[in-house]
Amino acid sequence: MYPIVAALLACMGGPAEVPLPSQEPAPVFDPPAVVVYIVVDQLPLSLWDPVEPHVTAGFKRFTGEAGFSATAHYAHAVTYTGPGHATLSTGASPSVHGIVSNGWIENGEKVYCCAGVDKLNAEPLSDRVHDAGGLVASISLKDRGAIMLGGNHPDALIYFDKSSGSFTGPDWAKADIVGVLTSEWDCQLPDELLAACPDSQAFEPKDAWGSDSFPHPPIGAENAAFFPYHPASGSVITDIAIKAIDELSLGGDDKPDLLTVSYSQTDYVGHMFGPKSREAMDAILVLDRDLGRLFTHLDAKVGEGNWTAVLSADHGAAPGDSRRVDQQIFMKTAQDAYATAGFAGELRFIEPTIYLPEDVVADPIKRTAAAKAIVDGMADYDGVAGVWAWREPGGFPADTPHRQSYLESVDNVRSGDLFVMVEEGVLFTWRGDATGTSHGTPYDY
């Protein structure tokens, strides 16, 4: 179990089932009235380090040696939003909780990780809180941010539904987003950060607003699906979290309650502009002020000393100037190697695994031969660290870098037959796009 979840269980008055890495039993504290579990979706240290000296509000409560670790790593390699939130929810790796990516193929059909919380194969922290009589409120811009952390019995499950352009959940969560959609996004960075980071860098695209530099014009009320790309969407999430505290009377009895808040706007901004952009830094400073508002409200409503907050990121991000490998060309090469070896059928790829056709998988001899043909045909592919037939004997050789993190990332039912990882400083791209950033690797960034 990850230490962050073990410590939360202990903090809420119940000992963790698995001790911390020191092998000492997890301490048991007098539980606070409310535990606030905050996830910043995409927060690499390359973004945090330059911004940290300029935080003055919410983040400031976490800084200092007693409150911040710059050496935290996930045990799993597939650092996507779904697996990351599932790990923060359960304390387990994807090989245990089963959320191997944001989606996978099962019984021949593509499955979205949040088709239901029942996709989690491990117990979420929120279910433990519910069973102990506490309330659970889970809020995010992304469905997978809210669902993974909210568990099976949330008292309020709230996320932004792009298809409807509105928030799910109770009536008090129906936020008005028009103000954000019709507002200009101007840069508020201090001079020191402006000097350290030029605007309109090569890896920054024309955004949803048609601009690659500040100020970004209003998105427009007709473009509600782009709401999460504005940093002020996180301010709306904060407003809803404050409402949840009041409407549910969190902390109102002797049973510890859980409020989970996953801020996804940082991921949308990061994907578009990269972590070393003025936009990404500005979004963090906006979030700093929002966290300050949330914590000030908790002090007033629940009482100073009666609540506890913990904050983590679900993943980081690669540099915006990372080299790119075209996913379509890569998969065509794999398909050609497969066909040249005499096999029929279409390969399917959902990062980080390739799925063989079902009829080939059903025949162990064919599966082994087909997998070997692809591995051999993809050997030394430029920009790719390796393609491994991980189900086969010796699938991940003992000397494979990051081998254990790969094993922590695969599930016997949900993962494909071949595991693929790009090299450090490389990203898969689609149709040759070379802007923004992504994640999903075991590397330090």
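Helices here are DSSP runs of H or I with at least four residues, strands are runs of E with at least two, and both are numbered from the N terminus. With that convention, I begin at helix α6, where G151, just after the helix, takes a positive phi of about 70°. The model is a predicted one, in which local features need pLDDT of at least 70 and side-chain atom pairs count only at pLDDT 80 or more, while totals for chains, interfaces and linings use all residues. Residues are numbered from 1 along each chain as its sequence is written, and side-chain values use heavy atoms, with hydrogens and water left out.

Let me stay with α6, residues 143-150. Eight of its eight residues are buried, where buried means under 20% relative accessible area, exposed means over 50%, and partly exposed lies in between, with a 1.4 Å probe and protein chains only. Among them are D143 and R144.

Helix α9 covers residues 232-247. Its 16 residues reach 23 Å from first C-alpha to last, close to the 22 Å expected at 1.5 Å a residue; the expected span is 1.5 Å times one less than the number of residues. Its buried residues include V236, I240, A244 and I245. Just after α9, S249 takes a positive phi of about 50°.

I turn to the interior. A nonpolar core is a set of buried Ala, Val, Leu, Ile, Met, Phe, Trp, Tyr and Cys residues joined through side-chain atoms within 4.5 Å. The largest has 54 residues, and F167, F227, L259 and L294 have the most contacts inside it. Helix α11, residues 278-303, supplies the largest share of this core, 10 residues. A second, separate core of 24 residues includes A334, Y338, M378 and V426.

Which residues does L259 touch? Contact means heavy atoms within 4.5 Å. Leaving out residues up to four places away in sequence, L259 touches V34, V35, V36, Y37, A137, I139, A241, A244, I245 and L250.

Two further residues deserve mention. S312, in strand β8, is buried at a relative accessible area of 16%, and its contacts beyond four places in sequence are I4, I38, V39, V40, Y74 and L88. F214 lies in the loop between α8 and α9 and is buried at 14%. With the same exclusion of neighbours within four places, F214 is in contact with W185, D186, C187, D199, R278, E279 and D282.

On a 1 Å grid over the protein atoms alone, a cavity is a set of points where a 1.4 Å probe fits but cannot get out; a pocket is an open set with protein on both sides within 12 Å along at least five of seven lines; and lining residues have an atom within 4 Å of a point. Grid points are joined across faces, edges and corners, and a volume is the space filled by probe spheres set on the points.

The second largest pocket has a volume of about 940 Å³. Of its 37 lining residues, Y80, N102, H271, E351 and S438 are the closest to its centre. Helix α10 gives the most to this lining, with four residues.

There is one cavity of 30 Å³ or more. The largest cavity holds about 50 Å³ of space, and of its 13 lining residues V100, S101, P352, T353 and S415 are the closest to its centre.
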